[in-house]
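Here's a walk through a two-chain model, starting with how each chain is built and ending at the place where they meet. Keep the viewer open as you read.

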Amino acid sequence: MLESRDKFLSILIASASVLLNIFFIVLVYPSLLSTEGIDLTLYRNEFLSFIDLSLRLDALSAFFVMLISVVSILATIYSVKYADEYQSKYSLSSLALFTTVFSLSMIGVVCSDHVFSFLVFWELMSLSSYLMVIYDYKDKDNVNAGFIYFVMTHMATAFLLVAFLLLSHLSSDLSFGALTVNAHNLDPQLSLIAFIMFLVGLGIKMGVVPFHFWLPIAHPAAPSHVSALMSAIMVKVPICILMRVVFDFLVPEAYMGYSILGLGIVSGLLGVIYAIKENDIKKLLAYSTIENVGIVLIGLGLSIVFLKSNNVLLASLAFMAAVFHIMNHAIYKSSLFLGAGSIVSKCHTRDLNKLGGLIHLMPKTALFFLVSSLSIAAMPFFNGFVSEWLLYQSLIRAMQLGETSLHFVLPIVLMFVAMIAGFAFVAFTKLFAIAFLGYARSENAKQAQEVSPMMWLPMALLSFLCLFFGLYPQIMGDIWANILNRFSLPYPAGTPYFVFPHEFFNADPLSHLMFNYFPSRLILIFTLMILIIIIFISYFLKVKSKRDIPWTCGFELDATMQYTASSYSQPLLRLMKNFYKIDFAHIFLDIYFGFYNFCKELRDKVHSGNLHGYLLYVLLALVGGLIYARYSS
Amino acid sequence: MLDIHLSTASLYLLISIASPLILIISAPLFAGLVAKFRAKFEARKGPSIFQPYYDLRKLLTKDVILPESSSWIFRVFPYLALAITVALCLLVPVFSSLSIFSYFSDLIFIFALFVIVAFFMVLSSVDAGTSFAGLGSSREAFNVALIEPVILLIILSLSIEFGTSNLFSIVAESIHGFELLSHPNSFFIAIAFLIVILVEAKRFPVDNPSTHLELTMIHEALLLEYSGKYLAMMEYASMLKFTILSSLFFSLFFSYGMVDELTLVGLAISILLWLVKMTAFAFVIALFEKSTAKLRLFRVPELVSFALVLALIAVFSHYYIKTW
């Protein structure tokens with residue numbers, strides 16, 4: 001009785017959340033295309049002026065709100081059936097409530113227009129996600145994961161507090177508008193320190209290396225739809241804030257661009273290198289999130305660097321690549337996490353080595369998982385390729401037009417981005433191949449079943465979006481133009497990458513020497529034509545087919561003869577083995593405890609317990625104070 | 001623009017359709033030529049150069065055995081891999097720098113299409129559920145991961161030199177000569193590209209296409225469980241990939257003989273020269289195969305790093321060596 005009431009309440013909250021998100025989508029849609037922002041003040045206190053909950057809807061926040069709302073709606077629909085496995089153990093209505101608060105608070109963070117409102121919504125976001133990470137608290141690992149997450153997220157908040165305090169010392173008005181106005185009056189050293197504080201604080205939340213170690217622990221611990229929200233959206237919200245910080249609150253400088261670029265490369269590479277090692281589905285996806293955040297930061301860093309080199313068109317191209325990648329990653333990563341959730345809910349294991357052959361038992365999940373894997377590995381015809389391609393184009397163009405100092409950096413960056421893409425290929429072929437193909441490696445996988453339509457329909461929609469944006473990327477053109485406009489960057493209209501050229505019969509290929517068109521649709525059309533021809537031909541080949549067990553050198557066929565997850569990635573693991581010897585969490589713990597122990601020993605020496613020693617301290621302080629007073633005038 | 005002379009337009013269309021068709025028809029011929037030259041080096045008579053055609057035709061008539069654990073992926077992906085490889089032929093300049101598809105042939109996209117074909121081949125092989133299947137997939141994925149940076153750096157170097165990553169524009173700029181080979185950075189890029197061909201088309205020293213031993217197979221391991229028409233499609237896709245890559249090598253680095261005007265005589269000469277060039281390339285590949293030993297899998301990164309360093313030097317040297 002209590003359970004069904006709980007379930008009813010959870011469905012009520014979920015429906016309310018979906019309706020609210022649909023309302024938000026409709027509300028912000030005009031702002032995506034308009035250049036004026038809409039201001040909304042939720043609460044302002046007359047006497048304490050720093051208490052101000054005001055929101056502002058401009059092009060960037062409208063874009064993020066759309067992203068958050070769409071992914072939230074799909075995750076909520078998914079969770080209605082997914083949460084059934086928690087029904088007897090925990091309260092479903094609490095999960096629905098926390099999820100709703102989580103997505104609303106993320107919307108609040110990206111829209112906030114005042115430091116106070118930002119901090120309130122940021123804390124709300126951290127707390128609600130913490131509550132969801134420890135939702136399955138009967139498993140001690142999840143509680144530990146929650147603790148690590150709680151500590152790291154509050155460290156991030158601490159750094160952000162310091163950063164905002166540094167920025168606000170010029171005026172008592174803490175609204176983002178005032179901070180933007182004051183940006184030019186900031187001392188460069190102050191700007192540097194504030195930037196470092198922002199980068200560390202936001203970096204912890206984004207999951208950049210070396211602050212990333214909480215992400216592969218916390219994201220898998222949460223229920224899968226929450227993991228989807230966290231990986232797809234929550235790590236992007238700090239990127240939105242970082243864009244505001246660099247372009248609005250501080251004057252963009254070259255060192256900012258290079259540091260973001262460096263962090264992006266390191267995160268991208270190390271994220272994917274660690275992803276290849278993982279045999280736990282959700283940990284692999286979490287490390288892949290770190291990798292994709294790295295790619296977005298590479299785009300953002302490049303755009304700042306190009307801006308300072310006075311190549312505004314290139315800056316806008318790189319910025320567009322970064323924003324496009326944010327959207328693309330949100331789409332396919334949420335689909336992958338929902339798929340992982342389906343696997344976990346039916347097979348009751350997260351270990352890849354226990355899965356296999358799921359494509360026969362869960363065909364729809366497998367199909368949409370395949371489409372998402374193709375997208376995340378940046379394969380052509382899907383949306384992942386478009387953002388990677390834009391990043392490559394910005395790097396290639398920069399080599400032709402940029403300044404000399406960039407000529408050494410950019411080929412190295414290009415090399416690293418290509419390495420990241422190559423390793424992602426290995427990681428995701430491994431994930432799909434071991435989980436879905438071949439024979440089932442354990443009883444868990446043998447008894448799996450297809451999930452209910454409410455669970456695979458969101459994945460279907462997301463996969464469709466992957467294909468759609470891969471073939472029609474220019475649909476978002478006006479939205480990108482508006483977002484770029486908000487940051488005073490021009491739309492790179494001189495490079496009609498996604499437009500179908502009108503001239504087909506042109507006998508002079510030298511005339512279009514500068515442009516590269518995006519041939520996805522054309523090649524898809526030809527591929528389909530050729531496919532039809534081949535199918536036609538093969539129809540006339542009257543051959544029989546039968547199923548039989550494959551030859552296994554005379555031994556009895558056993559599912560353990562297949563490659564395991566570790567063996568699949570073994571060549572690359574062996575090549576990269578030195579990277580796996582680094583343990584980031586212990587590095588930080590060692591630094592922290594080293595400092596702590598040093599302070600403790602110092603304190604023990606100073607607090608000697610000897611009265612005469614203490615009297616000496618008093619005398620020294622008095623004499624020192626008198627000397628200081630005498631000689632400083 | 002609309003008053004194009006009819007014969008010019010039809011010649012244009014002819015070239016655009018003829019060059020992919022010639023690639024498609026002659027792909028097994030070059031595989032046969034390589035096999036023939038290899039046999040000659042071993043002082044054997046060797047199979048006929050048309051043997052791959054006979055093999056493919058034989059395979060099409062054989063029954064198909066599907067592995068027990070295979071799914072629709074095993075049956076569908078050979079079609080997709082073949083269709084994409086054939087669609088790729090449209091984008092590669094073989095005889096001339098003129099084509100109705102010249103706008104669309106972006107180098108990054110072409111190599112990305114090779115990677116998606118590799119993705120399909122890797123997944124379809126694991127579907128069979130045997131050890132060799134996983135072996136082939138794992139090694140193939142390893143190779144793809146290693147060769148990606150080299151490919152991108154090659155594209156970068158070519159783009160810097162010519163100001164675009166459109167393949168037809170690059171060829172149009174460098175047509176009529178050995179210009180490319182006379183710049184030192186182009187020389188490095190050519191060697192790096194040769195190594196890319198060896199890795200992508202899985203020839204010596206990365207893979208031994210004539211054995212089916214665990215130690216030496218990547219390509220064969222991918223195709224081990226295939227039979228009948230599926231095997232024909234996958235084998236043919238590999239042969240076509242090798243032909244496209246070799247043809248690409250010549251378009252970029254030895255484009256002597258390619259035409260940029262629409263004359264039938266020029267086209268005919270260009271086709272003949274292309275056949276000669278490809279035969280010479282088959283000879284060189286066979287010679288290389290017979291004179292080196294196959295690299296252990298874990299030594300392949302050393303070869304690829306060599307290519308990577310060459311490509312990096314080529315890119316950096318654009319800014320040091322200005323005139324030649």
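Chain A of this predicted model has 25 helices and three strands, where helices (H or I, at least four residues) and strands (E, at least two) are DSSP runs numbered from the N terminus. Its radius of gyration is 27 Å, close to the 26 Å that the globule rule gives for 633 residues, so chain A is as compact as a globular protein of that length. That radius is taken over C-alpha atoms, and the globule rule is 2.2 Å times the number of residues to the power 0.38. Along the principal axes, the C-alpha trace of chain A spans about 105 × 65 × 50 Å.

Chain B has twelve helices and one strand. Reading from the N terminus, its elements go α-α-β-α-α-α-α-α-α-α-α-α-α. The radius of gyration of chain B is 20 Å, close to the 20 Å from the globule rule for 324 residues, so chain B too is as compact as a globular protein of its length. Its C-alpha atoms fill a box of roughly 60 × 50 × 40 Å along the principal axes.

A quick word on bookkeeping: residues are numbered from 1 along each chain as its sequence is written, and chains are lettered from A and ligands numbered from 1 in the order in which they are written. Because the model is predicted, local features need pLDDT of at least 70 and side-chain atom pairs count only at pLDDT 80 or more, while totals for chains, interfaces and linings use all residues; side-chain values use heavy atoms, with hydrogens and water left out.

**Where the chains meet**

Counting contact as heavy atoms within 4.5 Å, 84 residues of chain A touch 94 residues of chain B. The two chains bury about 8100 Å² between them, 75% of it on carbon and sulfur atoms. Buried area here is the accessible area (1.4 Å probe) that two parts lose on being put together, summed over both.

What does the rule find across the interface in the way of polar contacts? There are 15 residue pairs in polar contact, both at pLDDT 80 or more. Such a contact is a pair of N or O atoms within 3.5 Å; within protein, one must be able to donate a hydrogen and the other to accept it, and residues adjacent in sequence count only if both atoms are side-chain atoms.

On the chain A side, α17 (406-436), α21 (520-539) and β3 (545-548) are among the elements that each supply at least two residues. Helix α17(A) gives the most, with 16 residues. The residues on this side of chain A divide into 59 nonpolar, 18 polar and seven charged.

β3(A) and β1 (residues 64-67) of chain B pair in the parallel sense over four bridges, where pairing takes at least two DSSP bridges between the strands. Ser545(A) stands opposite Val64(B) in β1(B).

**Salt bridges and other details**

A salt bridge puts a side-chain nitrogen of Lys or Arg within 4 Å of a carboxyl oxygen of Asp or Glu. The whole structure has 17 of them over all chains, and one crosses the interface. Here are two examples:

| Salt bridge | Closest N and O atoms |
|---|---|
| Lys544(A) with Asp63(B) | 4.0 Å |
| Asp84(A) with Lys7(A) | 2.7 Å |

Asp84(A) lies in the loop between α2 (59-82) and α3 (92-111) and Lys7(A) in helix α1 (residues 2-33), so this pair ties together parts of chain A that are 77 residues apart in sequence.

Asn279(A) sits in the loop between α11 (254-277) and α12 (281-308) of chain A. A polar contact of 3.3 Å joins its side chain to that of Ser566(A).

Finally, look at the backbone. A cis peptide bond joins Val209(A) and Pro210(A), with omega about 5 degrees. Another cis peptide bond links Phe204(B) and Pro205(B), with omega about -10 degrees. Phe381(A), in the loop between α15 and α16 of chain A, has a positive phi near 80 degrees.

Definitions and conventions:
Nonpolar A, V, L, I, M, F, W, Y, C, P; charged D, E, K, R; others polar.
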